[in-house]
Amino acid sequence: DALVEMRKVGLRLQQLERLRDEKKGYTHDAFAEWLAGIFFAEDGDGNATMVSARRALEGYREYEELFGVPAPRAFLIDFVQWARRFGFSEEAAPLIEEHPWLDEAARPLGRDEGEVVLLYESGFVDHLEEAALSFPILKSDRDRSDAEIAYVMTRRGPRGVYVAPRDVTIDYWLRVALPTMVETTPQLRSARLVADSLEVETEVAEDVSAIARLTFAEGEGKRLLKTLLRALAKWKLTKTAQKEGSFAGFLANVTAAATERADTRSWTTLPDAVSVATLRLPAGVHTVRVECLDARGRVGQTATFEQVVVAPGERTLLRHRTYR
């Protein structure tokens, strides 16, 4: 079932990549590709594993440039292990040259040891809220088309930004509602995976909020222009109604105000970030503890997983989410 879902994810990511062909960043989802590689590797599909691994590596190169999120050590270890296992050792060589510690860290699991992988989701993704702005329409705009007025309004800026020269007369302040991105910083940002007196801290694998901010900012110009064009159309309808009578003008004003709402739909239940930690353990049954840490490294929450079975040469996936 997991493999079926991973293949669906792969197809969806390819579709999105084509849609985002002209964008400057975030053309690969590194974490999704890494996760796909994990499942393909468990299934022994070397070609599919390496395809996902290469795309994940390219994605993490983009992440480091865009968000300052480097490739997690756990991913680099996976890449080298998979390359060696499936006969692509030449692809591992540049990474080992760049990170010499990988040569030893990427050794295969022993006969009597397995690995626990923790996926830790923290907080909530940045979300959208409505902001009301007013843009000036000048008397000199009367002879312009709606598209021309909207364009020059974006250049002027809203109230508080636009400074009118003395010889300019403002005919109307056009109120619009726009979505704005609100940052949500979680109190608990990372976690520590503890078992058998061994411990390791998580590394960020997917900064969901950073990706949300980037994609939101990309559409800012077009979004503002479309909003202004819509508001201008309503304003002109209101002016026409006012000519027909005060009551008609009043109704048009009320309707325009009531329908001026920003589109604030977003994936509010997503985490702020997804972090990963891996820990090699002797094969057997273990008690595994997850210590969730704040920005100062203090433990703010603890989760205990009892009877975690670690099979020889295999991985056990654990997931934990904090909401504050």
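Predicted model: local features only at pLDDT ≥ 70, side-chain atom pairs only at ≥ 80, totals over all residues.

**Stop 1: helices α1 and α2**

Begin by selecting residues 2-19, which form helix α1, together with α2; the axes of these two helices come within 10 Å and cross at roughly 145°. The crossing in which α1 passes α2 is left-handed. To see where they meet, show the side chains of Ala2, Leu3, Met6, Arg7, Val9 and Leu13 on α1, which face Ala32, Glu33, Leu35, Ala36, Phe39 and Phe40 on α2. Sorted by class, this contact of α1 with α2 holds 10 nonpolar and 2 charged residues, and no polar ones.

**Stop 2: helices α4 and α5**

Next, select residues 73-85 for helix α4 and residues 89-98 for helix α5, whose axes come within 7 Å and cross at roughly 150°. Because angles over 145 degrees count as roughly antiparallel, α4 is described as roughly antiparallel to α5. Here too the crossing is left-handed, with α4 passing α5. The residues that make the contact are Leu76, Phe79, Val80, Ala83 and Arg84 from α4, and Ser89, Glu91, Ala92, Leu95 and Ile96 from α5. By class, the contact of α4 with α5 is made up of 7 nonpolar, 1 polar and 2 charged residues.

While these helices are displayed, centre the view on Phe79, which lies in helix α4. Is Phe79 buried or exposed? Phe79 has a relative accessible area of 2% and is therefore buried. Setting aside residues up to four places away in sequence, Phe79 touches Glu91 and Leu95, and also Met50, Ala53, Arg54 and Leu57.

**Stop 3: the nonpolar cores**

Now select Phe31, Trp34, Tyr60, Tyr63, Phe75 and Trp82, which are the residues with the most contacts inside the largest nonpolar core, a set of 38 residues. Two or more residues of this core come from each of α2 (30-42), α3 (46-67), α4, α5, β1 (113-122), α8 (208-218) and β7 (273-282). Which element gives the largest share of this core? The largest share comes from α4, with 8 residues. Another core, of 17 residues, lies apart from it, and can be found by selecting, among others, Leu188, Ala303, Val308 and Leu318.

Return to Phe31 and show what surrounds this residue: not counting residues up to four places away in sequence, Phe31 touches Tyr60, Tyr63, Leu119, Ala205, Glu206, Val274 and Val276.

**Stop 4: helix α7 and the glycine after it**

Select residues 146-156, which form helix α7, and pick out Ile149, Ala150, Val152, Met153 and Arg156, which are buried. Then step on to Gly157, which follows α7 and has a positive phi, near 90°.

**Stop 5**

Move to Met181, whose place is in strand β3 (residues 170-182). With a relative accessibility of 21%, Met181 counts as partly exposed. Apart from its neighbours within four places in sequence, Met181 is in contact with Asp126, His127 and Leu128, as well as with Ala212, Arg213 and Phe216. Met181 and Ala131 lie 9.7 Å apart, C-alpha to C-alpha, although they are 50 residues apart in sequence.

From there go to Thr215, which is found in helix α8 and is partly exposed, with a relative accessible area of 32%.

**Stop 6: residues with positive phi**

Asp196 sits in the loop between β4 (188-195) and β5 (198-201), and its phi is positive, near 55°; with a relative accessible area of 41%, Asp196 is partly exposed. Gln307 is found in strand β9 (residues 299-310) and has a positive phi near 55°, while its relative accessibility of 59% makes Gln307 count as exposed.

Conventions. Residues numbered from 1 in each chain as written. Heavy atoms only, no water. Axes fitted to C-alpha atoms, helices over the stretch in contact; angles between N-to-C directions. Helix = DSSP H or I, 4+ residues; strand = E, 2+ residues; numbered from the N terminus. Parallel < 35°, antiparallel > 145°, perpendicular 65-115°, else oblique. Left-handed = near helix turned anticlockwise from the far one by under 90°. Contact = heavy atoms within 4.5 Å. Nonpolar A, V, L, I, M, F, W, Y, C, P; charged D, E, K, R; others polar. Core = buried A, V, L, I, M, F, W, Y, C linked by side-chain atoms within 4.5 Å. Buried < 20%, exposed > 50% of the residue type's maximum accessible area, 1.4 Å probe, protein only.
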